[in-house]
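Here are my notes on the model, in numbered points. Have the viewer open while you go through them.

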Amino acid sequence: MTDQVFVIIPSFNEGKVIRQTIKSLGDQYNIVLIDDASTDDTANAVRDLPIYYLRHDINLGQGAALQTGMDFALQQGADIVVHFDADGQHNPADIDRFINVLKDQKVDVVLGSRFMRQDDFLAIPRLRRLLLRVARIVNGLLTGLWLSDAHNGFRVMNRQALRAIQLKENRMAHATEILMQIRRRQLHFVECPTHIVYTEYSQVKGQRWQGAIDILIDVFINKYFR
């Protein structure tokens with residue numbers, strides 16, 4: 001039996017690029033777009049595409065959008081779920097490669113890493129490289145998982161992980177929360193190299209230092225006060 005693969009794409013005001021991102025995936029996957037209350041032309045941009053289109057009436061954040069997509073995929077009988085960014089940074093060719101790693105190594109989650117190959121590492125803008133190094137240390141201290149790349153949005157997981165991971169962090173702190181839950185639920189995982197394309201568009205919309213501080217505050221509150 002062929003695995004039911006669902007690609008989960010959280011999106012907020014990505015109307016300029018979302019159609020191109022979805023079309024780059026081809027027609028071999030079930031694509032779930034979660035429109036997180038966009039105020040641009042996202043809905044019209046994808047209206048005629050053969051995808052599942054889900055929309056939040058209120059902007060809740062990327063973590064909440066991912067959880068909406070994962071809940072839907074689980075209800076639809078997904079065997080494998082892929083987290084894929086809407087802005088076109090991720091490489092569609094990596095999906096099948098990660099799925100093969102998931103199966104061959106018999107793990108529950110495969111996490112993308114920009115720090116396992118030199119070409120991928122050098123493609124990261126210098127300031128972001130530093131931010132990611134700091135994030136790795138902070139995430140290691142908070143989660144106990146010392147990954148090479150702690151905040152990569154490209155992930156593949158099986159149905160067991162899909163059932164186990166329940167995100168409560170609605171916004172960007174969900175990336176750390178996923179790692180916490182992987183450890184808490186004793187899910188088996190590996191990192192796998194992936195190449196991120198940093199376009200001018202994606203860098204303008206990318207994470208800033210202030211946003212990184214907000215993430216740390218959210219994670220700290222979640223870990224010690226909830």
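1. Starting with α6: Arg128, Arg129, Leu131, Leu132, Ala135, Asn139, Gly140, Leu142 and Thr143 are its buried residues. Buried here is under 20% relative accessible area, exposed is over 50%, and partly exposed is in between (1.4 Å probe, protein chains only). Helices (H or I, at least four residues) and strands (E, at least two) are DSSP runs, numbered from the N terminus.

2. Before going on, the ground rules: this is a predicted model, where local features need pLDDT of at least 70, side-chain atom pairs count only at pLDDT 80 or more, and totals for chains, interfaces and linings use all residues. Residues are numbered from 1 along each chain as its sequence is written, and side-chain values use heavy atoms, with hydrogens and water left out.

3. The length of α6 checks out. Helix α6 covers residues 126-143, and its 18 residues should span 26 Å at 1.5 Å a residue; the end C-alpha atoms are 25 Å apart, which agrees. The expected span is 1.5 Å times one less than the number of residues.

4. Arg129 deserves a click. Its charged end sits over the ring of Phe121, 4.7 Å from the ring centre. That label needs NZ of Lys or CZ of Arg within 6 Å of the ring centre and within 35 degrees of the ring normal. Arg129 is also one of the buried residues of α6.

5. On to the rings: there are five aromatic pairs in the structure. One of them, Phe6 with Tyr52, is stacked, at 6.1 Å centre to centre and 15 degrees between the planes. This pair links distant parts of the chain, as Phe6 is in strand β1 (residues 5-11) and Tyr52 in strand β3 (residues 52-56), 46 residues apart. Phe6 is buried at 2% relative accessible area, while Tyr52 is partly exposed at 31%. Another pair, Phe115 and Phe121, is tilted: 5.6 Å centre to centre, with 55 degrees between the planes. For the cut-offs, rings of Phe, Tyr and Trp (its six-membered ring) pair if their centres lie within 6.5 Å; planes under 30 degrees apart count as stacked, over 60 as edge-to-face and the rest as tilted. Phe6 and Tyr52 also belong to one aromatic cluster with Phe72.

6. Which way do the side chains of strand β4 point? Ile80 and Val82 go one way, Val81 and His83 go the other, and all are buried. In a regular strand the side chains alternate between the two faces of the sheet. β4 pairs with β1 in the parallel sense over four bridges, and Val7 stands opposite Val82. β4 also pairs with strand β6 (residues 155-158), in the antiparallel sense over four bridges; there, His83 has Arg155 as its bridge partner. Pairing takes at least two DSSP bridges between two strands.

7. Two backbone spots to look at. Asn13 has a positive phi of about 55 degrees although it is not a glycine; Asn13 is in the loop between β1 and α1 (18-23) and is partly exposed at 22% relative accessibility. Gln186, also not a glycine, has a positive phi near 55 degrees. Gln186 lies in the loop between α8 (174-184) and β7 (189-193) and is exposed, at 66% relative accessible area.

8. Finally, the whole chain: ten helices and seven strands, with 52% of the 226 residues counting as buried.
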